[in-house]
Amino acid sequence: MTLGFFFNNAHCYGCKTCAMSCATTNLPEFDDVSMREVRTVMTDDTLAFAFVSMACNHCADPQCLANCPVGAYTKLENGIVVQDHDACIGCQTCVKACPYGAPHYVEREQKVRKCDLCRDRLDRGELPACVEACPGANLEYGEIDGLKASHPDATDKIANVLPDPSTTTPNLLVAPDPKLA
């Protein structure tokens, strides 16, 4: 079983509630750090733009894990990529290695943090904070094969929006906004 995210880019209206919920749930002491961010994507139509909600994609081949010089990252059996924050030396190698920009350097700690799919919430039978908070129900998490079955038209490729998935094989599916196609 490998867990991942589905994001409905076609219906996201950029409210950033997912990012705010992530920040207040996981890092309330750092009001300027969120492990999920909503990016605005410009389109060819100057009057149209789209939004992409991004966090760690718990990749099959995570570059943060492959490039961390101190082995601070581990991939769990369920596919979640976790960081041992105490082992982090703040070198930011993982930040540079991740094509999705998932690890975030926290200046006040001089260390890096990243999404762990709200592992503590999952252990309690709760949804990840970002998924629970999305008012448009545009984020889902679950077993990646199940998400693929539920969303057969979703993709992990959106040219000029998402990095080439061949490097990391992200556990992320996106229903793309037609404006981005």
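1. Let's start with Asp84, which sits in the loop that runs between β5 (81-83) and α3 (93-97). Bear in mind that we're looking at a predicted model here.

2. Is Asp84 buried, exposed or partly exposed? With a relative accessibility of 41%, Asp84 counts as partly exposed, because that value falls between the 20% and 50% cut-offs.

3. On contacts around this residue: a polar atom of the Asp84 side chain lies 3.1 Å from the backbone nitrogen of Asp86. Asp84 and Arg113 are 29 residues apart in sequence, and their C-alpha atoms are 9.2 Å apart in space.

4. Zooming out to the fold, I get six helices and nine strands for the chain. The radius of gyration is 16 Å, close to the 16 Å the globule rule gives for 181 residues, so the chain is as compact as a globular protein of that length. The C-alpha trace spans about 45 × 35 × 30 Å along its principal axes.

5. How much of the chain is buried? Of its 181 residues, 49% count as buried. As for contacts between residues at least 6 apart in sequence, 60% of them join residues at least 24 apart.

6. Last, the surface and the charges. The chain's accessible surface comes to about 9,100 Å², and carbon and sulfur atoms account for 49% of that. There are 15 positive and 24 negative side chains, and the centres of these two sets lie 3 Å apart.

Terms used:
Residues are numbered from 1 along each chain as its sequence is written. This is a predicted model: local features need pLDDT of at least 70, side-chain atom pairs count only at pLDDT 80 or more; totals for chains, interfaces and linings use all residues. Side-chain values use heavy atoms; hydrogens and water are left out. Helices (H or I, at least four residues) and strands (E, at least two) are DSSP runs, numbered from the N terminus. The radius of gyration is taken over C-alpha atoms; the globule rule is 2.2 Å times the number of residues to the power 0.38. Buried means under 20% relative accessible area, exposed over 50%, partly exposed in between (1.4 Å probe, protein chains only). Contact means heavy atoms within 4.5 Å. Accessible areas come from the Shrake-Rupley method with a 1.4 Å probe; for residues, only the protein chains shown count as cover. Lys and Arg count as positive and Asp and Glu as negative; His and the chain ends are not counted. The place of a charge is taken as NZ of Lys, CZ of Arg, CG of Asp or CD of Glu. A polar contact is a pair of N or O atoms within 3.5 Å; within protein, one must be able to donate a hydrogen and the other to accept it, and residues adjacent in sequence count only if both atoms are side-chain atoms.
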